[in-house]
Amino acid sequence: MELFIQQLINGLTLGSVYILVGIGLTLVFGILHIPNFAHGALYMLGGYVTFMAMTSLGLHYVIAIIFSMIVVALVAVLMERSVFHHLRNAPPIHDKSAAIGLMLFLEAFVLLVWGSEYRNMNTPYTGSMSLGSISVSTQRILIIVVSIAVVLILYWFLKKTMIGASIIAMAQNREGAYLVGINSSKVAMMTFAISGALAALAASLSTPINLLFPAMGHLVIMKAFIIVIIGGMGSIPGAIFGGFLLGITESLGATYISSDYKDVLAFVILAIIMTWKPRGLFAKEVH
């Protein structure tokens with residue numbers, strides 16, 4: 001039982017990271033219908049910016065995370081303004097190709113600046129907390145608590161502010177949003193900024209318990225797309241549910257089945273759910 005609870009906590013930790021990445025991805029897709037393949041590169045960049053802020057600028061871990069979120073949010077807005085904005089009326093294949101190109105560019109940039117070696121990111125939260133006979137690292141608790149807090153803040157922002165209402169309106173009906181005077185350019189910029197900030201936060205929180213390297217975004221973005229598809233394209237509740245489902249399944253699967261197949265389980269879940277609900281669990285039904 002103790003092993004089960006331990007792996008459940010590990011699954012919640014992993015799922016929390018997936019949720020932060022998946023929500024940013026689903027916001028961009030739900031509003032702009034852009035499958036942003038470069039989102040994993042933003043995640044990777046966020047980890048490196050936090051690492052640089054701590055090692056080169058001497059910033060505290062928390063301040064470095066905030067700095068990274070701002071930097072990556074600005075990079076995401078620059079991507080939207082310089083690339084995706086000009087492709088809004090182009091065939092769908094164009095923005096997909098552009099996203100892949102941006103991903104390769106950001107990875108090449110990181111390789112040029114920081115090199116290809118694996119790095120460790122230090123964290124001041126090196127202790128652990130005891131839950132009965134179970135010991136959980138402070139960093140893992142931090143990941144879960146911060147992720148839940150950010151999701152709640154984002155929910156409040158979307159439901160209680162004018163900008164949030166504009167984002168939801170764009171997601172529900174883009175043509176209707178245009179007709180009532182919503183500035184689509186500002187909404188697109190804000191959406192990319194939120195997406196980039198969430199990706200940077202996810203990387204900054206998870207890297208101290210993993211490693212920092214240029215290809216670290218590949219597996220994460222693949223899992224994020226699976227989460228978005230499972231939950232329903234454009235559904236934030238779906239991304240939250242999908243993130244926890246995937247994280248817990250992978251953690252328990254690695255323990256009770258085999259760690260060699262934990263990544264395969266994501267595709268097994270995807271196949272099962274797509275057979276049952278082809279549009280995703282939280283997708284709106286089309287009549």
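Predicted model: local features only at pLDDT ≥ 70, side-chain atom pairs only at ≥ 80, totals over all residues.
A residue is called buried when its relative accessible area is under 20%, exposed when that area is over 50%, and partly exposed in between.

Side chains of opposite charge can pair when their charged atoms come close. A search of the whole structure finds 3 salt bridges, and each may be considered in turn.

The pair E117 and R119 forms one of these salt bridges, with the closest N and O atoms 2.9 Å apart. E117 has a relative accessible area of 40%; because this value falls between the limits of 20% and 50%, E117 is classed as partly exposed.

A salt bridge also joins R81 to E80, and here the closest N and O atoms are 2.7 Å apart. The relative accessible area of R81 is 27%, so R81 is partly exposed. E80, by contrast, has a relative accessibility of 3% and therefore counts as buried.

The remaining pair consists of E250 and K223, whose side chains meet in a salt bridge with an N to O distance of 2.7 Å. E250 belongs to helix α10, which covers residues 236–256, while K223 belongs to helix α9, which covers residues 216–231; the pair therefore ties together parts that are 27 residues apart in sequence. How accessible is E250, buried or exposed? With a relative accessibility of 2%, E250 counts as buried. K223, at 0% relative accessibility, counts as buried too.

Technical notes:
Residues numbered from 1 in each chain as written. Heavy atoms only, no water. Salt bridge = Lys/Arg side-chain N within 4 Å of Asp/Glu carboxyl O. Buried < 20%, exposed > 50% of the residue type's maximum accessible area, 1.4 Å probe, protein only. Helix = DSSP H or I, 4+ residues; strand = E, 2+ residues; numbered from the N terminus.
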